[in-house]
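Welcome, and please open the model in your viewer. We will go from one selection to the next and look at what is there.

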Amino acid sequence: MRVLSTIAAIFASVIPILAGDVTGQVLITKRLTKRTVAPTVYNLRGTATPVAPADALVSEVERTVVMLEGGNLPAPAPVSATIEQRNTRFDPDLIVIPVGSIVQFPNFDPIFHNVFSLSGTQPFDLGFYAKSQSRSVKFNRPGIVQIYCHIHSHMYAGIVVTASPYSAKPAADGCFSFAKVPAGHYRLVAWHKVAGLHQVEIDVPESGTANVQIRVPVDVEQRP
């Protein structure tokens, strides 16, 4: 058996894995968000703290994550990531991380925050904490985790936890690419903070490139 295992390992190292590339584009078919009036919030001491006004309309592609699912893909290594609380907003407001990763939630505002999630993937509540303090959460299951603040209802961010080594946020024009994907059948999944999940089926060739487009059609929504 040891001899057979050694022979198999030698063949695996000599024979190249049949793989192709995936290139694609996320198409936003409607403008999904619009500017909202910045509210005034109150900290725990009762003093008014003006909220920073929303930026000009952002590219909706920036609020999207794409990933390949299916096949016998190796799991990516966990990472450490950070979502800051600044100007009563989460920054960044969308990240994609591998399963097992840890996310830090530092508070840079001169007021209290209380970060929490009711998502089935990873429910948590970090409690109230003040400026210069931080809390962290380890994400052990793949899925979507939507996070909020108990004090400031307009604060909203998304965390995409994935077991796929092929995941990314598209470029500003919606384009993305994955190199050397093992040949086979996959689902290309796009998740948008407002639009939710959309997917298409694709076949990656043994060599060459698979080209794909995925559309995200949703009615206009208010930006959180």
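**Stop one: Phe 124**

Select Phe 124 and show its contacts (heavy atoms within 4.5 Å): leaving out residues up to four places away in sequence, Phe 124 touches Phe 105, Val 115, Phe 116, Ser 117, Val 137, Phe 139, Val 145 and Ile 147. Keep in mind that this is a predicted model, where local features need pLDDT of at least 70, side-chain atom pairs count only at pLDDT 80 or more, and totals for chains, interfaces and linings use all residues. Residues are numbered from 1 along each chain as its sequence is written, and side-chain values use heavy atoms, with hydrogens and water left out.

**The cores**

Next, select Phe 105, Phe 124, Phe 139, Ile 147 and Ile 159, which touch the most other members of the largest nonpolar core, a set of 20 residues. A nonpolar core here is a set of buried Ala, Val, Leu, Ile, Met, Phe, Trp, Tyr and Cys residues joined through side-chain atoms within 4.5 Å; buried means under 20% relative accessible area, with a 1.4 Å probe and protein chains only. Among the strands (DSSP runs of E, at least two residues, numbered from the N terminus) that each supply at least two residues of this core are E9 (94–98), E10 (101–106) and E13 (134–139). For a second, separate core of 18 residues, pick Leu 73, Phe 176, Val 181 and Ala 190, which are included in it.

**The sheet**

Now colour the five strands of an open sheet, in the order E9-E15-E14-E11-E12, with mixed pairing. E9 and E12 (124–125) are at the edges with a single partner strand each, so one side of each has no neighbour in the sheet. E11 (residues 115–117) and E12 pair (DSSP finds at least two bridges between paired strands) in the antiparallel sense over two bridges. Zoom in on Ser 117, and you will find it opposite Phe 124 in E12.

Move on to E10, which pairs with E13 in the antiparallel sense over six bridges. Select Ser 101 to see its bridge partner in E13, Phe 139. E10 also runs parallel to E6 (residues 80–82), joined by three bridges, and Ala 81 has Val 103 in E10 as its bridge partner.

**Zooming out**

Show the whole chain to finish: its secondary structure comes to one helix and 21 strands. Of its 224 residues, 40% are buried.

Definitions and conventions:
Buried means under 20% relative accessible area, exposed over 50%, partly exposed in between (1.4 Å probe, protein chains only). Helices (H or I, at least four residues) and strands (E, at least two) are DSSP runs, numbered from the N terminus.
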